[in-house]
Amino acid sequence: MGSMISSADVVVTSPGRNYVLLRVTTEDGLVGWGDATLNGRELAVASYLRDHVVPLLVGRDAHRVEDTWQYLYRGAYWRRGPVTMAAIGAVDTALWDLKGKAAGLPVYQLLGGAVREGVYAYAHAFGWDHGELVASVDRRLAEGFRAVRVQFGVPGLDAVYGVHLGAAAYEPAGRGRGPLVERWAGAPYLRHAPGALAAIRDHVGPDVDLLHDVHHRLTPVEAARLAKDVEPIRLFWLEDVTPAENHHALDLVRQHSTTPLAIGETFTTIWDCQELLVRGSIDYIRAAVTHAGGLSHVRRIADLAALHGVRAAPHGPSDLSPINLAASLHLALSTHNVAIQEYMGHPGEAHEVFRTAYTYADGYLHPGDEPGLGVEVDLVAAERFPYEPAYLPVARTVDGTVWDW
Ligand code: GCO
Ligand code: MG
């Protein structure tokens, strides 16, 4: 069969926010799509793909997904890192999409078939104060979600990850300018957070799963104190309490609390996850399909996690395209230890560019049954949304010291 790759193209489009996409075409005219978006550093991955990877793809057998992964990872000598792994992730995802289309099967069938009827999803709720947050949580519950991530403001600060004072919506990447500076202070956050979360638990009752993302801001001892203070709230998870590179920091948190811990959205390989999984330091591993080398590699991470009783919960923000979300859903439907999928949605304009087969109903997502991933890209629409430079904010403490964002 004509499975030789005849061309591969990088598409950069900005329907509401920037996305970098990879389109791989075979000699018999099948097209596979991958997502290569790295928020705030998009063009670095576009260049890595265009200048270094695409020339290696043309002429290869599109069906050799694993060999291509190994070739791009081991063959480059310079391994790991977000730029490299997002590029490999895009290729791997596109080849799974192609394989599904060639077989006439949805990708989850190629991964072993469904192990559940639907993928449990969590949505985002945010509000600067309790009233705003309650209204936001209630909207999510009315949409059928039974798992909600809650982010709130902190008296004395103007911006906290996930919510800005006076802002109607939350989108961290600012377009067309350098990074915004957000002031951070640990003490007021630690004073405020347990009460803010307890008030939401009182509002929703025991049956709703509540999640919270600290976004790497705390020192180890601060994180331990927070995890201990919020124990009675019975969170589904507390995410990214400390900077993700410092694996030992989580040992201190573990020693002091049984609050479930999630981390790993910035991890790019199984090697970043290994120590945390083997030491039993976490409960959920957040590596994303795009950023951690594609479906092949994230499946491998999930398998290692399973050995240690850890469940996978791949990152699914709006800054990864619907192609990443679709891939994540095929993985989640077919992988025993995937626990939940983040479902943040996408900007309205994105729906003009991406046609998706996945569906949401009553708190659950399903990838759909179209061959491949079930996402098609309208290239004419994509051209209407040219790239615009955008940056994530940078955090500084109140005395001006750069901090973790
Ligand atoms: C999440 C994440 C995101 C990140 C964003 C950075 O849990 O969804 O923390 O909101 O901030 O993806 O690019
Ligand atoms: Mg997060």
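Predicted model: local features only at pLDDT ≥ 70, side-chain atom pairs only at ≥ 80, totals over all residues.
Start with helix H3, which covers residues 82-103, and helix H10, which covers residues 294-307. Their axes come within 6 Å and cross at roughly 100°. Angles of 65 to 115 degrees count as roughly perpendicular, so that is how H3 lies relative to H10. Which residues bring the two helices into contact? On the H3 side they are Gly89, Asp92, Thr93 and Trp96, and they meet Gly294, Leu295 and Ser296 in H10. Sorted by class, this contact has two nonpolar, four polar and one charged residues.

Now turn to ligand 1, which is surrounded by 14 residues. Look for Tyr161, His215, Glu265, Asp319 and Glu342, the closest of them. Some side chains also place a polar atom by an oxygen atom of the ligand. For Glu342 the distance to an oxygen atom of ligand 1 is 2.4 Å. For His315 the corresponding distance is 3.3 Å, and for Arg149 it is 3.4 Å. How much of ligand 1 does the protein bury? Taken alone, ligand 1 exposes 340 Å², and the protein buries 94% of that.

How values were computed
Residues numbered from 1 in each chain as written. Chains lettered and ligands numbered in written order. Heavy atoms only, no water. Axes fitted to C-alpha atoms, helices over the stretch in contact; angles between N-to-C directions. Helix = DSSP H or I, 4+ residues; strand = E, 2+ residues; numbered from the N terminus. Parallel < 35°, antiparallel > 145°, perpendicular 65-115°, else oblique. Contact = heavy atoms within 4.5 Å. Nonpolar A, V, L, I, M, F, W, Y, C, P; charged D, E, K, R; others polar. Near = heavy atom within 4 Å. Polar contact = N/O pair within 3.5 Å; in protein donor to acceptor, adjacent residues only side chain to side chain. Areas by Shrake-Rupley, 256 points an atom, 1.4 Å probe, with all protein chains shown as cover.
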